[in-house]
Amino acid sequence: MKKFILLSISTILLASCTDLDVTPTSFVTKENFYNTDDDAIASVTAVYASLSYDGTEQSLFGRNLYFLTDMGTDYAAAGASAINQNVRAISALSYDANTDRVQVAWRQIYSGVNRANIAIDNIPKVQGTETLKARLINEAKFIRALLYFHAVRLWGGVPLVLHEPKSLAIEDLKADRATVDEVYTQIIKDLTDAEALPTTYTGTNVGRATSGAAKAILAKVYLTRKDWPNAILKAKEVINGGYGYGLFTNFSDIFNKATKNGKEHIFSVQFEPNQAGNGSSGSTFMRTSFAGFAPVEPADIISDVSLFYDIYAAGDTRRDATYAKQLLNPATGLLYTFPKPIFRKYLDVTILSNGANVSINFPIIRYADILVTLAEAINEQENAPTAEAYEAINKVRRRAFGKPIDTPDTTVDLAGLTKEQFKEAIFTERTKEFAQEGQRWFDLVRWGRLVSEVKKVPGKSAVSERNNLYPIPQSERDQNPDGLPQNLGY
């Protein structure tokens, strides 16, 4: 805890005050900063930047969180190009409290939390527009809640830090683990406040957190907590709230840079090509998923083709939008066949030849997730799928097979299932729909299936019940061993 606070306490990252460009431009002292509306806007832009930029590491949602939420599961693995032993330990589920990928994720999450805290504490001091100040504070609360939602699921009870420290004295910098319930209570409070955010934005503000995004994350929070009535309530508020959300006709448009922040994207982390012009900053999914038109295994690979690539039925468009067995080489004009399917969602086929970071956003929550969330919560609440639950999941299936989304189709629609059969169908649909979107580990843990599913994959036999939580980084425990007790098994 001490490390990220010392880095953030006396500085604030400045960025454009007119849009979501998160390239840092300068540093100034906090005492001289909070004066104008532009200062307040810049401080919250810095909060957004914590999601997509890290000057020394791959960014949180640009790949680093992927190690924990995807590679530490069944469907993704470290390929031959992944030479970092810490990454390979995550893939093999043999990691421990000294594994640096876990430490970096912790640091990045708490760095974002600290930036949000500084903004929330100091924006009220600005002599500016009250409505703008209220909006910006709620944006910061949304991101704080989002970060804590990830933290509490990854580590269990975590330090609940809600204000910048009063001083640099060691006792002010220490923070003990809160309970899981305490963390969730704060998450729900922050997201409830964020429900007051605007429903939409225009121009350069598109991409900021909205009231619909707050409700959507709340739906996932309640689903995780098995609070079925509130999960249903919030999912329906998203669906029926007049936000204009919907499914893209084509699944592949979700990851098309030309349709960024479209009707299916409730909230996404914003990325631009070669963001910040700095090596690993921004999104590095493309360069780690694609090693060129050559028989070279990328760093991030599908773990088992038979368990994941081969499970798509004929005509399911999600397979070839999620994985690529063949791609056109723009340099030669020839269709290249890879030895093994590669991840495709974050590849920009217009610039494949140079391996640059690309401008495809990372979807935190999209409309399809809300539909499947509603279906799952109704099935659990009613102990059987209802017509509403069927329609929610069948919309997702119809789109997958290129059918009219709102027209019943007996060739793809689910029907006549028991509660357990419907639950298994949801499991299958989420496997096919959300690969490489930071969902898999949370789904497997929530369903109590992490160990059983991961054991099916060769090379991941080290998985055990301890892996239902990640270890508190040892470097953090060294600062506060009594207040940060370790999770079981580490």
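## Close-ups of a predicted chain

View 1. Ser211 belongs to helix α9, which covers residues 211-224. Its relative accessibility is 2%, so Ser211 counts as buried, the cut-off being under 20%.

**View 2. The whole chain, for orientation.** Before zooming in again, here's the overall picture. The chain has 490 residues, and 60% of them count as buried. Take the contacts with a separation of 6 or more: 68% of them come from residues 24 or more positions apart. The accessible surface is about 18,100 Å², and carbon and sulfur atoms own 52% of that.

**View 3. Helix α3, residues 60-71, falls short of a straight helix's span.** With twelve residues, a straight helix would reach 16 Å at 1.5 Å a residue, but the end C-alpha atoms of α3 are only 14 Å apart. How many of the residues of α3 are buried? Twelve of its twelve, so the helix is mostly covered. The buried set includes Leu60, Phe61, Tyr66 and Phe67, and also Arg63, Asn64 and Asp70.

View 4. Gln436 sits in the loop between α16 and α17, the latter being residues 440-446. What does Gln436 touch, not counting residues up to four places away in sequence? The list is Tyr66, Asp70, Tyr75, Phe285, Ser289, Phe343, Lys345, Tyr346 and Phe362. Two of these names, Tyr66 and Asp70, also turn up among the buried residues of α3. Gln436 and Asp70 are 366 residues apart along the chain, yet their C-alpha atoms are separated by 6.4 Å. Gln436 counts as buried because its relative accessibility is 2%.

**View 5. Helices α14 and α15 packed together.** Helix α14 (residues 367-382) meets helix α15 (residues 387-400) at an angle of about 145°, and their axes are 8 Å apart. The crossing is left-handed. On the α14 side, the contact is made by Ala368, Leu371, Val372, Leu374, Ala375 and Ile378. The α15 side brings Glu388, Ala389, Ala392, Ile393, Lys395, Val396 and Arg399. Sorted by type, the contact residues come out as ten nonpolar, three charged and no polar. For anyone following the spacing of those residue numbers: an α-helix has 3.6 residues a turn, so residues three or four places apart point the same way.

**View 6. Leu414, back against α15 residues.** Leu414 is in the loop between α15 and α16, where α16 is residues 419-433. Is Leu414 buried or exposed? At 16% relative accessibility, Leu414 counts as buried. Its contacts, not counting residues up to four places away in sequence, are Tyr390, Ile393, Asn394, Arg397 and Ala425. Ile393 is one of the α15 residues in the contact with α14. Leu414 and Ile393 lie 21 residues apart in sequence, with a C-alpha to C-alpha distance of 8.1 Å.

**View 7. Two loop residues with positive phi.** Lys226 has phi near 60°, a positive value in a residue other than glycine. You'll find Lys226 in the loop between α9 and α10, with α10 at residues 228-240. Asn261 isn't a glycine either, and has a positive phi of about 55°. The loop holding Asn261 runs between α10 and β4, a strand at residues 265-269. Lys226 counts as partly exposed at 46% relative accessibility, and Asn261 counts as partly exposed at 26%.

Technical notes
Residues are numbered from 1 along each chain as its sequence is written. This is a predicted model: local features need pLDDT of at least 70, side-chain atom pairs count only at pLDDT 80 or more; totals for chains, interfaces and linings use all residues. Side-chain values use heavy atoms; hydrogens and water are left out. Buried means under 20% relative accessible area, exposed over 50%, partly exposed in between (1.4 Å probe, protein chains only). Contact means heavy atoms within 4.5 Å. Accessible areas come from the Shrake-Rupley method with a 1.4 Å probe; for residues, only the protein chains shown count as cover. Helices (H or I, at least four residues) and strands (E, at least two) are DSSP runs, numbered from the N terminus. The expected span of a helix is 1.5 Å times one less than its number of residues. Axes are lines fitted to C-alpha atoms, for helices over the stretch in contact, and angles run from 0 to 180 degrees between N-to-C directions. A crossing is left-handed if the near helix is turned anticlockwise from the far one by less than a right angle, and right-handed if clockwise. Ala, Val, Leu, Ile, Met, Phe, Trp, Tyr, Cys and Pro count as nonpolar, Asp, Glu, Lys and Arg as charged, and the others, Gly among them, as polar.
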